[in-house]
Amino acid sequence: MSSDATSQPYPGDPNQPPPGAYGPPAGAYQPQQPQPYVEPGAPQQPPGAYMPPGAYTPVPVAPSGSGRGRGPKVAVAAILSVVLLAAVGAVVLFKFVLDRGPDPAESFPATASMYVELNLDPSFDQTPKLLDHLQKFEDLEDYEDTDALVEAFVDESGVEGVDAAEDITSWLGLRHGLATWEYDDEVYAVLSLASTDANAAEEGMAQIRAASGGDESSFDYTVEDDHVLIVIGETGADKALAAAESEAAEQPLAESDDYSEARSWLDGDQILIHWTDMDAVGDLAEMTSGAESDAVEELYSGHLIYGFSAFDEGFEVTYRMFGDADHLWTGTEGLIDGMGELPASDFAVAAYVPENVDEISKGWLGFFEEFYGVEATATDVVVEAPLTDAEYAEYTELDEQYWAGTLAAEDEERYWELDGRYWAAGTEDEPWVEETYGPDFGEIETAVGDFSDLLAGATLSGGGNFSADDDVDPDSLHFAAHLAEERAQELEDLITTWSEGEPLPEGVEVDGSELSYTGSAVADGTLAEDDRFREFAGLAPAQCSVGAWVDLARAAEEDPEAFEGLEPLSAFAWAHGIEDGDGTGVMRLYLKD
């Protein structure tokens, strides 16, 4: 089954939406009107009314005798006919159309740490928009359905021994899931792929596993009537598969409290859903990389979800971070409205610095310090010896071979030894042992503390225009810092100190609590005059902490080589804020008409 943008005449396929259910764009997802049997003389249905396949239209019985009373009887019969038709249509719609197949989250254990769901046919509304939007991209315009996309992906992946049409798309459905799951101190990838043909799926999966070179211990699967469950790992995949099936039968992810809470918040039909249990991810990080889970959990603890969907003008991502504690980066009302009053620049950003920014910055610094081990003592540092002249000459020769792809296997160990010493200590003529690269950690902590003290409660904003000659036209730049207190002069002095005495650009103004700069060629008008930005502003969280806007159409005009292949892009917008103590936000990618 596939979401075919050029479907054949509608034969009554229960997996296709009924005509009239939505108005798809030209050339996308247009099933034909079925031809039901209608008894001669029966009243005709109004245009656009849905008739289920093989539906029978009841005929009112003609009254005997005179025509007295015929009007009311015909009216009652017509009403009953419409009610009966609607009832039959509702049953068909629910049974064969809205029942899109198994929920992949039902197939995964509730202890999964991460879950991704891909639904290529989520609703009457999403599918036509998705296909229409994809047709705007040069690399995707030739793909008329999802089968073609899958087959092209397999062909380009270079996998040998697998025929995409015969081994995959002959049975692959449209709703799939992927999860990471820990079992018996091992991490496994678990997949649930919707299936439309169990026999074809059995044959296809056998061929795929054979082509991968794996066996039951690293790649095991089971084929059900409507889906295929796969477990992949380094070893023990067969045991993990049995355990995953057993746990999912008793407590599936779909019924877990955290996932249910997150999924119920994510409104509407979604093409892609991504849910993550951050506590479990922290445990996995410790198990697989040795990183302390406490460091990850201190950075963020709880679970999060985001959904990817299509809207009339492009694609949208909405997300929420369900934290165990209130989200530290608080927001403020009116940030996006204020951003709308900025000049209509090609890019713009606005941010609210919360009053507890000192607490946030200390948390980030602590995470950096713990996760990357910057507290290591000098005794832990191995001092490398600089390269001698002969070693440097040898290293240069091996380095040229490496980048040319001609380095012999027996020389690789020597090359990496010399490479490590060179970048750690330099050469005897130019030693790098005594070199420093920026401030030490203590200086960074001091600077962060000074800036946090000044910026707490401030609102920052800025923007500019793209330039054909430079990345950004300096004359179009503008920025402003509105501080909570009249300390703008202190902020200017601090910036000058950290810029090693370099003064701020000429034209910077300091006035009480505001430090600002406006270039000589700032854009005319305001962002709020742009229909795209105005529409997006209505979606932003009421308590907003960050907003960003980029006019991608302008960027492509100024630098077409850098944006080659992305000509359909119109604009990008992002807003992040707070909802009931949780971090939440929305991103939109606008496409050209």
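Two strands pair when DSSP finds at least two bridges between them. With that in mind, welcome to this predicted model. Strand β3 and strand β5 (residues 227-232) pair in the antiparallel sense, with six bridges linking them. Below are a few places to look, grouped by topic.

**Paired strands**
- Strand β2 covers residues 172-183 and strand β3 covers residues 186-195; the two pair in the antiparallel sense over nine bridges.
- To find your place along this pair, look for Glu182, which stands opposite Val187 in β3.
- The hairpin of β2 and β3 has two residues between the strands, and in it Asp184 takes a positive phi near 55°.

**A buried threonine**
- Thr222 belongs to strand β4, which spans residues 219-223.
- Thr222 counts as buried because its relative accessibility is 19%, and buried means under 20%.
- Leaving aside residues up to four places away in sequence, Thr222 touches His227, Val228, Leu229, Leu241 and Glu245.

- Tyr402, Trp403 and Trp416 make a nonpolar surface patch of about 400 Å².
- Within this group, Tyr402 lies in helix α12, which runs over residues 389-404.
- Is Tyr402 buried, partly exposed or exposed? Tyr402 has a relative accessible area of 32%, so this residue is partly exposed.

Definitions and conventions:
Residues numbered from 1 in each chain as written. Predicted model: local features only at pLDDT ≥ 70, side-chain atom pairs only at ≥ 80, totals over all residues. Heavy atoms only, no water. Helix = DSSP H or I, 4+ residues; strand = E, 2+ residues; numbered from the N terminus. Buried < 20%, exposed > 50% of the residue type's maximum accessible area, 1.4 Å probe, protein only. Contact = heavy atoms within 4.5 Å. Patch = residues over 30% accessible without salt bridge, like charges linked within 9 Å, V, L, I, M, F, W, Y side chains within 5 Å. Areas by Shrake-Rupley, 256 points an atom, 1.4 Å probe, with all protein chains shown as cover. Salt bridge = Lys/Arg side-chain N within 4 Å of Asp/Glu carboxyl O.
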